[in-house]
Amino acid sequence: VQLQASGGGLVQAGGSLRLSCAAFGGNWLIVNTAAWHRQAPGKERESVAMITKEGRIWYSDPSNDRFAISLDKVKNTVYLQMNNLRPEDTATYFCTANVWTPSDGSIDYWGQGTQVTVSS
């Protein structure tokens, strides 16, 4: 199983981006949980949001209504919609997922990072 992240880029403050992270590999897989994390230069990695296949959602900052995580269980893709972006959102964003396959059971996977840069 691999996780392929995409959707990062350069955007002006106030703009929006939607990050995608697709899980693929094998004939059949189920994404049990998926999450987005980020790491800004010189800072520690931090979790941003998590979602389960049952639809339970957790945000590291519940007061942040600018970000929304969602999971497409048919496409096995987790999204992070980011609106009203701020320069402090600049970071490399990573996705992780706990994925079940018939051959391996449930395993945690990491995707490669996608860079988000917000200019002021």
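## A buried aspartate and its partner

Aspartate 89 has a relative accessibility of 1% and therefore counts as buried. The model described here is predicted. In this model, aspartate 89 forms a salt bridge with arginine 38, and their closest N and O atoms are 3.1 Å apart. The bridge links distant parts of the chain: arginine 38 belongs to strand 4, whereas aspartate 89 lies in the loop between strand 8 (77-82) and strand 9, 51 residues apart. Arginine 38 also counts as buried, at 16% relative accessibility.

## Salt bridges

Side chains of opposite charge can pair when their charged atoms come close. The whole structure contains 5 salt bridges. In one of them, the side chain of arginine 38 meets that of glutamate 46, at 2.6 Å from N to O. Glutamate 46 is partly exposed, with 36% relative accessibility. A network of salt bridges links Arg38, Glu46, Arg66 and Asp89.

Glutamate 54 and arginine 56 also meet through their side chains in a salt bridge, with an N to O distance of 3.7 Å. Glutamate 54 is partly exposed, at a relative accessible area of 48%, while arginine 56 counts as exposed, at 54%.

## The disulfide

The structure has 1 disulfide. The bond joins cysteine 21 to cysteine 95, with 2.0 Å from S to S. The link is right-handed, with 60° about the S-S bond. Cysteine 21 and cysteine 95 are both buried.

## Aromatic pairs

There are 2 aromatic pairs in the structure. Tryptophan 28 and tryptophan 100 make an edge-to-face pair, with 5.1 Å from centre to centre and 80° between the planes. This pair connects distant parts of the chain, 72 residues apart: tryptophan 28 is in the loop between strand 3 (17-24) and strand 4 (30-39), and tryptophan 100 is in strand 9 (residues 91-101). Tryptophan 100 is partly exposed, with a relative accessible area of 28%.

Phenylalanine 94 and tryptophan 110 are likewise edge-to-face, with their centres 6.3 Å apart and 70° between the planes. Phenylalanine 94 lies in strand 9 and tryptophan 110 in strand 10 (residues 105-110), 16 residues apart. Phenylalanine 94 counts as buried, at 16% relative accessibility, whereas tryptophan 110 is partly exposed, at 49%. Phenylalanine 94 has a further contact: the charged end of arginine 45 sits over its ring, 4.5 Å from the ring centre.

Technical notes: Residues are numbered from 1 along each chain as its sequence is written. Side-chain values use heavy atoms; hydrogens and water are left out. Rings of Phe, Tyr and Trp (its six-membered ring) pair if their centres lie within 6.5 Å; planes under 30 degrees apart count as stacked, over 60 as edge-to-face and the rest as tilted. Helices (H or I, at least four residues) and strands (E, at least two) are DSSP runs, numbered from the N terminus. Buried means under 20% relative accessible area, exposed over 50%, partly exposed in between (1.4 Å probe, protein chains only). A charge sits over a ring if NZ of Lys or CZ of Arg is within 6 Å of the ring centre and within 35 degrees of the ring normal. A disulfide is a pair of cysteine sulfur atoms within 2.5 Å. A salt bridge is a side-chain nitrogen of Lys or Arg within 4 Å of a carboxyl oxygen of Asp or Glu.
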